[in-house]
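Hi,

Here's the structure I promised to pass along.

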Amino acid sequence: MHYDVIVIGLGAMGAATLYQLAKRGVRVAGVDRYAPPHDQGSSHGDTRITRQAVGEGAAYVPLALNSQRIWRELEAQSGEALFEACGMLMLSSSREPTRGHGTADFGGETAALAARFGIEHSLLDADQVRARFPQFGSFGDAATGYYEPGAGYVRPELAIEVQLRLAEALGAVLHSNTPVEAIESDTGGVRLRTSSGTLTAGKAIVCAGMWTGKLLGASVDGLLKVCRQQLVWFELDEPERFAADSPVYILLHGAADTDSCYGFPPLPGENAIKIATEQYLEGCDPDTVDRRVSQADIDALYDTHVAGRLLGVSRRVLKSKVCTYTITPDFNFIIDAHPQMANVTLVSACSGHGFKHSAGIGEALAMQHCNEPGTVDLSAFSLARFRS
């Protein structure tokens with residue numbers, strides 16, 4: 001069967017793109033090397049933070065807002081709970097600017113964009129943080145907080161599953177457990193050689209995450225760095241500190257991008273909080289990622305980011321997982337036509353902050369494909385910025 005579009009990779013970006021294309025009646029297929037949703041890429045771990053004012057830049061804000069709208073629409077269609085608007089606290093130990101995802105003043109830029117886009121938020125001093133959020137400990141009198149009530153978390157595995165299920169009901173064809181071995185393209189379309197045979201289409205949209213570099217070759221591989229990340233769920237000694245209205249949080253306590261952590265309130269029935277750090281120094285091969293989290297790494301995470309900063313949290317670990325970020329040199333996305341391969345669009349390298357935008361990006365790509373007016377401008381994510 002010849003398709004209008006084949007989406008390669010069915011994680012956050014791919015599932016959203018597949019669903020939005022199918023919703024518009026496009027003859028579309030999705031291909032994934034595993035059976036999504038799965039835990040081998042970047043779209044797993046029970047929860048993902050979603051923010052409205054996105055300190056990484058103004059180009060992201062419409063995508064984040066559209067994604068939240070779409071998740072509510074998906075909830076109405078599926079009956080599943082995908083998005084919990086529990087609020088977000090960004091807490092800094094200093095009034096000095098702190099970095100995040102390549103932004104020199106991450107908290108300041110977040111607050112500025114909230115004001116620019118009319119997003120509800122509060123700026124808190126140290127006393128206000130202590131009074132309102134007793135689970136946070138020794139950040140000192142110089143601490144500053146940014147609170148955004150419309151933020152929260154999304155269930156990544158469930159969001160992917162719902163979009164794939166709805167896409168299939170609309171006529172999309174899924175090819176799971178089907179690695180793509182090569183993409184051939186010309187002005188007439190694309191041909192995919194897979195482990196199960198050949199697929200053809202007018203266009204391919206590559207959402208392959210950490211496998212993108214290997215799949216598309218040197219023209220983009222030099223721009224992509226795969227970085228292993230660790231997620232740890234610590235059990236609570238004092239669950240009462242984490243009340244029903246506990247927010248997701250980003251804790252900034254140093255000058256470098258890696259001097260931070262992020263985390264989530266306990267999920268219903270789970271007496272633990274998920275905490276994760278971000279590292280961008282060490283790259284890895286996507287086919288040989290170490291999926292183990294060592295006790296030494298767990299101890300280091302606790303001592304650096306939890307002890308004294310999050311109260312009522314024990315050292316006992318409920319579980320741990322590994323995921324990956326695919327990072328670009330400037331921490332921004334790549335969404336663009338492939339520079340050498342006709343009819344191939346690259347939608348990958350989300351630099352550790354992609355899930356919150358995925359539903360909106362899928363919608364924008366589908367609107368673009370169908371020549372619909374009013375689509376979000378994606379030009380900020382073009383490859384031209386690297387060529388210049």
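A quick definition before the sheets: I call two strands paired if DSSP finds at least two bridges between them. Also, please keep in mind that this is a predicted model.

Let's start with the three-stranded sheet. It is open, runs in the order β3-β8-β4, and its pairing is antiparallel. At the edges sit β3 (48-50) and β4 (83-84), each pairing on one side only. Between β4 and β8 (residues 152-154) there are two bridges, with the strands antiparallel. Across that pair, Phe83 faces Val154 of β8.

Then there's the eight-stranded sheet, also open, with mixed pairing and the order β6-β7-β5-β14-β15-β16-β13-β17. Its edge strands are β6 (122-125) and β17 (313-327); each has a single partner strand, so one side of each has no neighbour in the sheet. From one strand to the next, the twist averages 20°. The partner of β17 is β13 (residues 225-236), and eleven bridges link the two in the antiparallel sense. There, Val226 lies opposite Thr326 of β17.

On to the cysteines: how many disulfides are there? The count is zero, with the cut-off being sulfur atoms within 2.5 Å. Cys284 isn't in a disulfide either: the nearest cysteine sulfur belongs to Cys227, at 6.9 Å.

Cheers

Definitions and conventions
Residues numbered from 1 in each chain as written. Predicted model: local features only at pLDDT ≥ 70, side-chain atom pairs only at ≥ 80, totals over all residues. Heavy atoms only, no water. Helix = DSSP H or I, 4+ residues; strand = E, 2+ residues; numbered from the N terminus. Axes fitted to C-alpha atoms, helices over the stretch in contact; angles between N-to-C directions.
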